[in-house]
Amino acid sequence: MRIISGKYGKRRFDVPSNIKARPTTDFARENIFNVLSNNIEFEGLKALDLFAGTGAVSFEFASRGCSRVVSVENYPVQFKFIKKVAETLGANEIEVIRGDVFKFVPSCSEKFDIIFADPPYDMKNFDTIPSLILESDILNDGAVFIMEHPRNFDFSSLPYFSEHRVYGSVNFSIFVKE
């Protein structure tokens, strides 16, 4: 795993071989962060990374200046890996929570400026995740929500939909809460 840019940029970490995540490719992550960087000043923002996997997106948020990053991951191997890398970096702005996103979101009382969700593509109820987030009370006004998904999903009819981006086999639907 490589952190692309910012204060932790160019650092690499070996991902455990028994990890269950399908990490966002460096190519796709670099491109989506380029798009976001053209529209968002990360400095001081509160970010939420759901289905965090290796934590690559969390580390990218922290590296680019987010003051608080909450990383939610349910699987123990991934959870421990994210915690270990955060400790190695001294990334105190990252809080790693081991939990189920479907329970975390409805119970969360905190609001975020940017939310990224990259659930397993074969997850049951995959198509309900954008609505779960968009209908919750965790998005600040002006917040951006990015949903990574396979090409067979179209979320353009949902509220706050802004744009769809494709990088190789990776699709992102971007929502902006106006």
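A residue is called buried at under 20% relative accessible area, exposed at over 50% and partly exposed in between, with a 1.4 Å probe and protein chains only. The model is predicted, so that local features need pLDDT of at least 70 and side-chain atom pairs pLDDT 80 or more, while totals for chains, interfaces and linings use all residues. Residues are numbered from 1 along each chain as its sequence is written, and side-chain values use heavy atoms, without hydrogens and water.

**View 1. Stacked rings of Phe145 and Phe175.** Rings of Phe, Tyr and Trp (its six-membered ring) pair if their centres lie within 6.5 Å, and count as stacked with planes under 30 degrees apart, edge-to-face over 60 and tilted for the rest. Phe145 and Phe175 are stacked, because their ring centres are 5.3 Å apart and their planes are at 20°. Both Phe145 and Phe175 are buried.

**View 2. Edge-to-face rings of Phe161 and Phe175.** The ring centres of Phe161 and Phe175 are 5.7 Å apart with the planes at 80°, so this pair is edge-to-face. Phe161 is partly exposed at 26% relative accessibility, whereas Phe175 is buried with a relative accessible area of 1%.

**View 3. The largest nonpolar core.** Such a core is a set of buried Ala, Val, Leu, Ile, Met, Phe, Trp, Tyr and Cys residues joined through side-chain atoms within 4.5 Å. The largest has 39 residues, and Phe59, Phe61, Ile114 and Ile146 have the most contacts inside it.

**View 4. Surroundings of Ile146.** Contact means heavy atoms within 4.5 Å. Leaving aside neighbours within four places in sequence, Ile146 is in contact with residues including Ile32, Leu36, Ile114 and Phe172.
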